[in-house]
Amino acid sequence: MSNEPPATPRRTSIDVYRGMIMFLMLAEIMHLFELAEDFPGVGWLQWLRFHTTHVEWTGCSLHDLIQPGFTFLVGVAMPFSIASRLKREHSRIGLLVHAAWRAFALCALGIVLRSLDSDRTYFTFEDTLTQIGLGYFFVFLLALGPRWGQYVSAFGILLLFWAAFALSDPPPPDFDYAAVGVPEDWEHHAEGFESRWNMNSNLSWKTDVWFLNLFPREEPFEFNWGGYCTLSFVPTAVTMLFGLIVGGWLRDIEAPRALLRNLLIASIFGLASGWGLAEAGLCPLVKKIWTPSFTLFSGGCCTAWLLILVILCDVKRWTRWAFPFVVIGANSILIYVMSWTIAEPIRELLLRHFGQTPFAMFGDAFVKPLTGVVTLVILFYMLLWLFRRRAFVKI
């Protein structure tokens, strides 16, 4: 007889959260940030621009929470998935084999999608899927172990990752930032201790200059234009671990008050500690290299977001409004592939057959947003068709 606890029905809040994250990712096709450039005097459009684009280096926008949210949810889903498989009498060896396969598939799919505009395989590992894939098997191993191991591993990894940067050599005063793709008017160079996290001059960048040149390339790797790095998969795994811990609470804690208390405390801790480390000058808040402070801060944001949805969807049972997000979230991997492969061709098809006139009713500045809206509607109905037939693409 198995000693594993019985599987708990999936919480609606998780599916809604996943759908909201994927919707924000798909919404990029509306190019809402460009409206702020066309109407510079409109304050709310400037706010919208900030939250529909990534910050240049330090700080955090809503757009910066898409990747952490997706990664966090991978961890949240693990306790439910493992319990379901164990209930169906899958062996632990079988679970580990499947986890290894999923990690490989995520990495491979990420590389394939990044290679779409290349004449050969473009080996890069900073994509959302490859970042998750690189840490997935390790997190899965911890999911099969005791809860204390997850806590110790999460904060131990963050401490060691921070120490690796803190003990690394800072860029010299005469470092040629222009040679590594940093604009001459870049306003985000830190001085002193925090300079160890500067763009394309940090430990992760140095690692990529060595690591990525081990793969066949059209030309040697020198830098990533956005400052993204492979080594970010290490703290990204911690984001998954945070999700794993929260998923364990969602699965095991039946009393709503106790669950909400845990989520609230975790939210406050993540937000306060992440922001505090940045404000104290100990570790800047940088999503592009996934600093420990960003890991904590984004983890707090993700937990707070999920807390609100738990209250609305699981406690209050207000779920009718969330049905579109449930539909979108049900095929998250498929949506990710769609965003890379067919979203833009659908927009081009609309313009080819209908022209710009129907979409320029409010002015030329609204052509991209309106074609983006129609594209989103088309994609949604494709997903709804699959949802009603219970056709879900999984890895």
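Predicted model: local features only at pLDDT ≥ 70, side-chain atom pairs only at ≥ 80, totals over all residues.

A crossing is called left-handed if the near helix is turned anticlockwise from the far one by less than a right angle, and right-handed if it is turned clockwise.

H9 passes helix H10 in a left-handed crossing. H9 spans residues 233–252, while H10 covers residues 256–279, and the two pack with their axes 10 Å apart at an angle of about 165 degrees. Because angles over 145 degrees count as roughly antiparallel, H9 is roughly antiparallel to H10. On the H9 side the contact is formed by Val246, Trp249 and Leu250, which meet Leu259, Asn262, Leu263 and Ala266 of H10. Sorted by class, this contact has six nonpolar residues and one polar residue, with no charged residues.

The other partner is helix H6, made of residues 128–143, whose axis comes within 8 Å of that of H9 and crosses it at roughly 45 degrees. That angle makes H6 oblique to H9, and H6 passes H9 in a right-handed crossing. From H6, the residues that make the contact are Gln131, Ile132, Leu134, Gly135, Tyr136, Val139, Leu142 and Ala143, and from H9 they are Phe233, Thr236, Ala237, Met240, Leu241 and Leu244. By class, the contact of H6 with H9 holds eleven nonpolar and three polar residues, and charged residues are absent from it.

Terms used: Residues numbered from 1 in each chain as written. Heavy atoms only, no water. Axes fitted to C-alpha atoms, helices over the stretch in contact; angles between N-to-C directions. Helix = DSSP H or I, 4+ residues; strand = E, 2+ residues; numbered from the N terminus. Parallel < 35°, antiparallel > 145°, perpendicular 65-115°, else oblique. Contact = heavy atoms within 4.5 Å. Nonpolar A, V, L, I, M, F, W, Y, C, P; charged D, E, K, R; others polar.
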